[in-house]
Amino acid sequence: MSTPSKPSVLVVDDKENMRKLFSRILGDAYAVTEAADGEQAIAQLASREFDVVVTDIQMPGADGFAVLREVKHRAPDTQVILVTAYASIPKAVEAIKEGAYDYLSKPFDPDEVALVVARALEKRRQGREAEGLKSRLAVAPELHGLLGGSAAMQALHGLLSQVAARDLTVLLTGETGTGKELAARAVHRESPRAAKPFVAVNCGALPAELVESELFGHAKGSFTGATAAKTGLFEEAHGGTLFLDEIGDLPLPVQVKLNRALQEKEVRRVGTTTPVKVDVRVVAATHRDLSAEVSAGRFREDLYYRLNVVTVQLPPLRERREDVPLLAMNFLARAGRPEVEGFTPEALRALAAHDWPGNVRQLENAVARAVAVARGTRITPEDLPPEVNTARAAASGATAPGVRATSDSLAKLPYREAVDGARDAVSREYLSALMQEFGGNVTHAAERAGMERESLHRLLKRYGVRSEDFKRSE
């Protein structure tokens, strides 16, 4: 069994003792390569790619800025950390504006070095994951808006395309938010009727007294308020497809007339006895169990069998969790905040662990909310709705207020994800408690934690804990 290769770090410094110090600090976890000056570093970069580059700013010849520019030219996702004396910190800040990840000021704490390099490596990994998701999204199997590469969605795409080719009535079933209207539109666009109208109506949203008029039309003066004749939706959809969403909510009297319209392929406007021939393909949808509704006397049996020529069941999101990251990236791309580039791995794990009772529609709303409140370039678990974080805490084994993980929830995750989730939750809880104890005073909190103030600042930023939220009023 081959041993996984270590992440690669290039250390650039004209002082040998500094290179050796970095090698001692990083050598156990990383494959460290040394360069004695900027020219040597640039030569190394021309022949291979590194995960992280740690470079001094002040060097004879090619300085740290030259190394930074070469890295960003050759391998933009390689992370660069600048090393500088205290007096040169403004230069380091300038370098960060030019694309450096972070800086270390001399003298530095070995733990701080290890932390900053680890975070730089994590940023590179996140960037590659985001690019991978974008690449997958660009080629992801999609049928007229129905996105997903899971086996369940591939089977759905195939069935809808097959059904679309035959001019049959289709009944779409599935939970709320699974994309039944998208599926109906896909059937229409894949069918020979694609050039004709697609007319959609939510039967549950129509007032009971107006349902018949909306579907079949009415004559002028046929009832109070009918000041002009009106064409019904069946006639509007002539030659095309009529999508009857939430058909289980239709009143029983209208069900009788709908059944007759489907049987005779004609409608009668309210207030007239003259039939109007219509050529319409009906696609109906419901989240209800229509067979149970028939047994309960709330849905007509004859209409049920007339609609149930081909039934297509749309899978709930919890049964195709592998599609969640792709869908989330798709909704992020449509959210209109280009500065929010993606999701942290913890946020993606949280999204995938949630059961999504509202399915794709709920996921879309959750991503829209997260994009709106995100403070950084990536969405973190803290940006997600509370119910998603609760599910994440339970699945990762972390103890959140009022939440206790079960072996069943832990078993849903790979070992590493479960451990990482627990570690992140404990770290976040610790930092919040620390800030609470010291009223948001980072200096005093760092002393208690046994670390440099700058190191604690970085941890707070990483885990989304804001010291100002714990400031005590005077």
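I began with the outward side of helix α1. Exposed residues E16, N17 and R24 sit on the face of α1 turned away from its buried side. I note here that the model is predicted.

Next I looked up the other side. Which residues of α1 are buried? In this helix, spanning residues 16-26, they are M18, R19, F22, S23 and L26. I then looked down the axis of α1: its buried residues fall within an arc of 140 degrees, so they line one face of the helix.

**Sheet entry.** I traced an open sheet of five strands, ordered β2-β1-β3-β4-β5, with parallel pairing. Which strands are at the edges? They are β2 (31-35) and β5 (102-106), and each pairs on one side only. From one strand to the next, I read an average twist of 20 degrees.

I returned to α1 to see how it meets this sheet. Helix α1 packs on the sheet and touches β1 (8-12), β2, β3, β4 and β5. The direction of α1 makes about 175 degrees with that of β2.

**Strands β3 and β4.** I checked this pair by itself. How many bridges join β3 to β4? Five bridges do, between residues 52-56 of β3 and residues 79-85 of β4, and the two strands run parallel. I found V52 standing opposite Q79 in β4. Helix α3, residues 64-74, lies across β3 and β4. I noted that α3 runs at about 160 degrees to β3.

**Residue N259.** I moved on to helix α10, residues 252-264, where N259 is found. Is N259 buried or exposed? Its relative accessibility is 7%, and buried means under 20%, so N259 counts as buried. I looked for its contacts, leaving aside neighbours within four places in sequence: N259 touches D302, L303 and R306. With R306 there is also a polar contact between the side chains, at 2.8 Å.

**Whole chain.** The chain has 20 helices and 18 strands. Of its 474 residues, 48% are buried. I took the contacts with a separation of 6 or more: residues 24 or more positions apart account for 67% of them. What is the accessible surface of the chain? It comes to about 23,200 Å², and 51% of that belongs to carbon and sulfur atoms.

Terms used:
Residues numbered from 1 in each chain as written. Predicted model: local features only at pLDDT ≥ 70, side-chain atom pairs only at ≥ 80, totals over all residues. Heavy atoms only, no water. Buried < 20%, exposed > 50% of the residue type's maximum accessible area, 1.4 Å probe, protein only. Helix = DSSP H or I, 4+ residues; strand = E, 2+ residues; numbered from the N terminus. Arc of directions from axis to C-beta. Contact = heavy atoms within 4.5 Å. Areas by Shrake-Rupley, 256 points an atom, 1.4 Å probe, with all protein chains shown as cover. Polar contact = N/O pair within 3.5 Å; in protein donor to acceptor, adjacent residues only side chain to side chain. Pairing = 2+ DSSP bridges. Axes fitted to C-alpha atoms, helices over the stretch in contact; angles between N-to-C directions.
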